[in-house]
Amino acid sequence: MIVLLIYVAIFVASFFLVKLLVHKTTRDFTARKTVTFGDESAVRPNRIASVISVLTIFLLWGAFTGSSWVPGFLHAPGPFVGDATFTYTAEADGVAPDEATVTVRVFPVGAEVEMPEVDPGPGWAKNDADSVGAWRSGLIRVDRNDDHGRDAGHRVVAVNGTPIAPGDEVLTAFGRVGMSPKGTLNVEPRKGWQMEPIWLPPPEAVLARLKEIAQDGYRDSTLWEHLGWSLFRVIAGFFFGALIGIPLGYAMGLSDWFRGWFDPIVEFMRPVPPLALIPLVIIWAGIGETGKIILLFLAALWIMAIAARAGVSGVKISKVHAAYSLGASKAQIMRHVIVPNSLPEIFTGARVAMGVCWGTVVAAELVAAEKGAGMMIMVASKFQLTDIVIMGIILIGVIGFGIDILMRFAEKALVPWKGRG
């Protein structure tokens, strides 16, 4: 929630700041005369906003992971690290209550640590020392070195002068000290806002892992082999999905019989997630490459069929009547009117289908895949190698974004009339 609020604050501040600067520095307003509210062709991505958006994501990532790439003053509060002390009051049978001090050394996880040396003190309750990793908690048996142990009725009744009982806790400057149901003290240092590396590693750790896998490979295959196999599966599944889905969509848009026959099937299968089809695909097609491509084919098929159907249904009837009045045949209307006017919808559907295929490839490669970006992600997740998981996600996103950009350029080149009526 904190990250979301910061992100929203940066978005709002950037919007007003950029608008203010542009308003002050821009004096030529003639280009704005043709811009009308609701005109899609007049809306173009603001490149400044794009740059700020990407930088904001990486800034938040680095700030909440303590990245060395982000200045220290921008770091979110991190976990407590250092020596912490608290005093406990103990009682035992036949003796007066006594106090002792516990020194806890909180160290970064994975670092070597030496136990702090403490003076036992003069009373029957002796001073203690222990260590706890950052983001962790630990039980401390303070009675182990006391002159009167649990066999003598040893019990802790207060921490830093605050009464405590089993199930209670006392907040201190470094964190919390709780008591288990059996009376053992549980020390939990303050965790701060930063994420533990095992849950979210900093950007430099992900980049280091990328360099390592690019040089040495992962599970007996190079990084480029993993990405190449994922790309091949996605393109193959999308190709066959478009090859069947587009003609099917045209047929549904042009024939009431085809529309009535296939519409229930398409509308029934469209909301079914591809993940739900994995068991059937394994049973019917096995665990080889055929099953993976079939799963991606099904992910793209219904989207392309609906996009083609929408494209045909969206053709203005006035254009069809004009073509008929000029003596055009059905084949000519199909070629010169219906296909050109439906291509914008088809390209939009293709971009959506490609995104769905990239999202499905991870699930497809769950099925006995030896190579693939999805396989890397799933294997790494079993061993909590979060840096490899994030690396794989970023690579899939970058490749998918690159394919989307290529499809945008293809759309501009092949469908220059989009949005022009």
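Is R309 buried or exposed? R309 is buried, with a relative accessible area of 11%, where buried means under 20% relative accessible area, exposed over 50% and partly exposed in between (1.4 Å probe, protein chains only). This is a predicted model, in which local features need pLDDT of at least 70 and side-chain atom pairs count only at pLDDT 80 or more, while totals for chains, interfaces and linings use all residues. Residues are numbered from 1 along each chain as its sequence is written, and side-chain values use heavy atoms, with hydrogens and water left out.

The side chain of R309 meets that of D263 in a salt bridge of 2.6 Å, N to O; the term stands for a side-chain nitrogen of Lys or Arg within 4 Å of a carboxyl oxygen of Asp or Glu. D263 lies in helix α5 (residues 256-269) and R309 in helix α7 (residues 289-313), so the pair ties together parts that are 46 residues apart in sequence. Helices (H or I, at least four residues) and strands (E, at least two) are DSSP runs, numbered from the N terminus. D263 is partly exposed, at 24%. Both residues belong to a network of salt bridges that also links R259, E267 and R270.

The structure holds 21 salt bridges. Another of them joins D387 to R209, with the closest N and O atoms 2.9 Å apart.

An open sheet of five strands runs in the order β3-β2-β1-β5-β6, with mixed pairing; two strands pair if DSSP finds at least two bridges between them. Its edge strands, β3 (128-133) and β6 (162-163), each pair on one side only. Within it, β1 (residues 82-91) and β2 (residues 98-107) pair in the antiparallel sense over nine bridges.
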